[in-house]
Amino acid sequence: MARVSKKAREALLEAGIDVLLADAVSGLERLLSRDQLAKREGSPSRYTAYRAFDSAATIVEEIALWINTTGRGGFDDVLRQLRDSYREQTVGRRSLKELVDTLKYMLKLNLQHQFSSPGTPAGWVIQSAALTSSPQWQGKKPDDKQTEVGQRIIEIRKEFYDGMTERLAETLGMAMSQLGRRPKKGITKEDLVILMHSLTDGLALRLFIDPNAIDLDLAADAIYQVAWNLTEPGPDVDDRRPTDETSAGLFDRIVDESIRQWKRVPTPTLIEVADACELELDVVSIWFKNLGDLADSAVRSLIATQGINFESAIGPEHALDIIGGFLGFLIETAKANPNLFQTVQQALPVSTTAVLHELADSIGDCLARLTRTRNPEETARRLVEGALSGDANIVHALIDAVGY
């Protein structure tokens, strides 16, 4: 190799960086040209390649779409494995430590999957080439033609991330329900998913470079800690719960005390709960007009069922597994709080839709869309009643009879 001056070598290296920043999309187009695709072993002929695609830019965009589907990118496989883990590890295992261990296992499983999914490296190669086309990039941008293709790649990637975030937010919501947690004020489940996914991406990239950089169990624990420290005890959704921090604290105090009261007596009164909280009845009545309202919020704080979409949480083919697992959790919760659940089943007046009705409606809607059940609403009602009665055999028999 001929010797050149240090200054000349550095100038060439800087030129190389400029090429990467300005022409990465063009490089992709050359790499993925119709001629190059036709040369791959097992590929159709060059003639077919030219008939299939009108330009290299079209190939780049279509491959970006192909990679960034939940199936090709490996996301559906991850959810299937999460479903299997959920079913195997949560049925009959209700201690906080076991639930936390299950969630960490699922996070580790997701991280491990990054190293076997073709969508991970292929997606990052295409995404990296488009980064300088992003509006967020403050440096010099590629020419207009490359920027147009690059922005389309980014748009495709964003659509993939948005869909993944929506489905994972539902799954995270179910996990949080079992842990009795909700996002802190000003934070959504989607925010948590984005933060957890970003940390997963960063860890995966580092481990691709140095497989021994960090232990996977420690990595999974770090992802879990992000979610745990940005959540707090309580149900995910309760329309009665106020938004300001001081009032929310009083609300939670009343609900928690009511649960303790129901463990001691069959039917506590609002006055008894107020006295136990050392509050005036007028304060309790701000949020709970009657005992039915208080019982409803107490149940929500225990099972956090409102708004769960069983279909999007894991995928339509696994909805019945998730319904069965969740009803198993409802059985155990009702057994641990018999007085409270007996009160709720008395159909006392409530100022909102009753939580158990919402659960039955959600299950019934899922059954109507995904199964051939003749009476999905009635089946859903019987499933919830079976769970509240503590009869797991009824629940399992009904689910087995539904089928797809």
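Modeller: This is a predicted model. Let us begin with two helices: the axes of H11 (residues 245-264) and H14 (residues 291-303) come within 9 Å and cross at roughly 95 degrees.

Colleague: Why is H11 called roughly perpendicular to H14?

Modeller: Angles of 65 to 115 degrees count as roughly perpendicular. The crossing angle is roughly 95 degrees, so H11 is roughly perpendicular to H14. Among the residues making the contact are Phe251 and Trp262 of H11, and Leu291 and Leu302 of H14.

Colleague: What makes the pair Glu232 and Arg182 a salt bridge?

Modeller: A side-chain nitrogen of Lys or Arg must lie within 4 Å of a carboxyl oxygen of Asp or Glu. In this pair the closest N and O atoms are 3.0 Å apart, so the pair qualifies as a salt bridge. Glu232 belongs to strand S2 (residues 231-233) and Arg182 to strand S1 (residues 181-183), 50 residues apart.

Colleague: How do you know whether Arg182 is buried or exposed?

Modeller: Buried means under 20% relative accessible area. Arg182 has 3%, and is therefore buried. Glu232, at 23%, counts as partly exposed, because that class lies between 20% and 50%.

Colleague: Why does Ile209 count as exposed?

Modeller: Exposed means over 50%. Ile209 reaches 72% relative accessibility and therefore counts as exposed.

How values were computed. Residues numbered from 1 in each chain as written. Predicted model: local features only at pLDDT ≥ 70, side-chain atom pairs only at ≥ 80, totals over all residues. Heavy atoms only, no water. Buried < 20%, exposed > 50% of the residue type's maximum accessible area, 1.4 Å probe, protein only. Axes fitted to C-alpha atoms, helices over the stretch in contact; angles between N-to-C directions. Helix = DSSP H or I, 4+ residues; strand = E, 2+ residues; numbered from the N terminus. Parallel < 35°, antiparallel > 145°, perpendicular 65-115°, else oblique. Contact = heavy atoms within 4.5 Å.
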